[in-house]
Amino acid sequence: WMKSISRDFDLKRFVSHNIRELTLFAILIVIAVLVQVRTGGRFLSSSNLNDLLRETAILMMVSVGMMMVILTGCIDLSLGSTMGLAGMICALTLRDHRETPIIVIVLIALGIGLLAGLLNGFIVAKLRIFPLIGTLGVCDMLRGLVYVFSKGAWVGQGDMTQEFMSISTGKVFGINNLVFIAILITVMGYIFLQYFRNGRYMYAVGNNELSAKISGINPVRTKFLAYVINGMIAGLAGMLWICKFGNAQGESCSSYELNVIASVVLGGVFITGGSGKVGGVVLGVLLFGTLNNILPLIQVSSFWQMGIKGFVIIASVVINSITQQHMDKKALQGRD
């Protein structure tokens with residue numbers, strides 16, 4: 001039985017197929033060990049790891065949605081505004097109608113995300129407007145709606161119910177609710193992309209839209225679906241955001257899409273579409289979240305934190321790209 005496994009398992013093939021993920025994992029381990037030594041064992045403590053997972057939970061779930069959009073060769077710059085609008089309307093609903101059931105609040109968040117996804121899909125897929133421009137316009141529109149509905153006012157923790165706030169503090173099977181939700185969405189995203197026909201279509205459209213169309217795939221419908229899924233996840237994440245931080249304001253989640261795009265690309269998803277794995281995105285999010293966690297922990301000045309994060313992201317992507325090119329070259333030489 002063991003001989004059968006060793007015979008079927010090809011180490012070189014495994015490495016070549018997962019080189020980006022293995023490189024990211026190695027970088028993550030090196031950083032963790034160095035910081036563990038630097039902080040005297042505080043970084044890998046159970047309390048700090050729990051905080052790290054909780055802080056990266058929302059980033060994790062929206063990165064899965066953004067991954068689907070990028071796989072189709074598109075992008076969504078309105079994600080932060082979608083989160084902000086969904087969070088604000090949920091907060092206003094609770095403020096004015098405290099008896100509203102939590103399930104209704106969740107449906108409101110998903111509904112707002114759905115509408116934002118449909119709008120982006122219509123502009124980008126149907127009207128064929130360049131994604132960067134189209135979603136940037138939607139970003140400003142949605143951010144304007146945040147101010148229209150809120151009238152520039154904040155909604156504080158006192159305006160929200162304890163039942164609602166417990167979403168960010170409660171646990172399921174010992175796992176914080178936010179982490180549990182992020183794991184659930186990540187697993188669902190993996191299953192969808194790997195085992196569902198529409199998920200595989202996203203890879204095909206991003207890899208070569210014309211070839212996908214010739215083979216019978218509808219690129220417009222595929223992009224629509226990617227934007228809708230991304231929008232609904234963003235709507236839910238916006239609700240969880242205000243629950244986590246206990247307030248909703250006009251600038252909530254502003255420019256959050258930049259962190260999401262950085263995490264997805266850092267995870268090995270090609271910005272031009274067609275290639276990437278959910279496992280890589282998970283590692284990219286963890287690396288990005290680790291940077292946010294360790295820089296204050298080792299008392300790095302806030303003026304340096306953005307620069308260091310930017311350098312690590314660029315270095316990781318460059319190393320990832322060089323390693324992938326090297327493995328591809330060796331694979332071609334092997335065929336010859």
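Let me start with the surface. Phe173, Ile175, Phe180, Ile183, Leu184, Val187, Met188, Tyr190, Ile191, Tyr195 and Phe196 make a nonpolar surface patch of about 1,100 Å². Patch residues have over 30% relative accessible area and no salt bridge, and nonpolar side chains (Val, Leu, Ile, Met, Phe, Trp, Tyr) are joined within 5 Å. Areas are Shrake-Rupley with a 1.4 Å probe, and for residues only the protein chains shown count as cover. A salt bridge is a Lys or Arg side-chain nitrogen within 4 Å of an Asp or Glu carboxyl oxygen.

This is a predicted model, where local features need pLDDT of at least 70, side-chain atom pairs count only at pLDDT 80 or more, and totals for chains, interfaces and linings use all residues. Residues are numbered from 1 along each chain as its sequence is written, and side-chain values use heavy atoms, without hydrogens and water.

Which helix gives the most to the patch? Helix α9, residues 177-195, with 8 residues; Met188 is found in α9. Helices are DSSP runs (H or I, at least four residues), numbered from the N terminus.

Now the packing. The axes of α9 and α12 come within 12 Å and cross at roughly 175 degrees; axes are lines fitted to C-alpha atoms over the stretch in contact, and angles run from 0 to 180 degrees between N-to-C directions. The two helices are therefore roughly antiparallel, the term for angles over 145 degrees. Contact, meaning heavy atoms within 4.5 Å, involves residues including Ile181 and Phe192 of α9 and Ile229 and Leu240 of α12.

Helix α5 (residues 79-96) packs on α12 (residues 219-245) at about 50 degrees, axes 7 Å apart.

How values were computed
Patches are made of residues with over 30% relative accessible area and no salt bridge: like charges are joined within 9 Å, nonpolar side chains (Val, Leu, Ile, Met, Phe, Trp, Tyr) within 5 Å. Angles under 35 degrees count as roughly parallel, over 145 as roughly antiparallel, 65 to 115 as roughly perpendicular and the rest as oblique.
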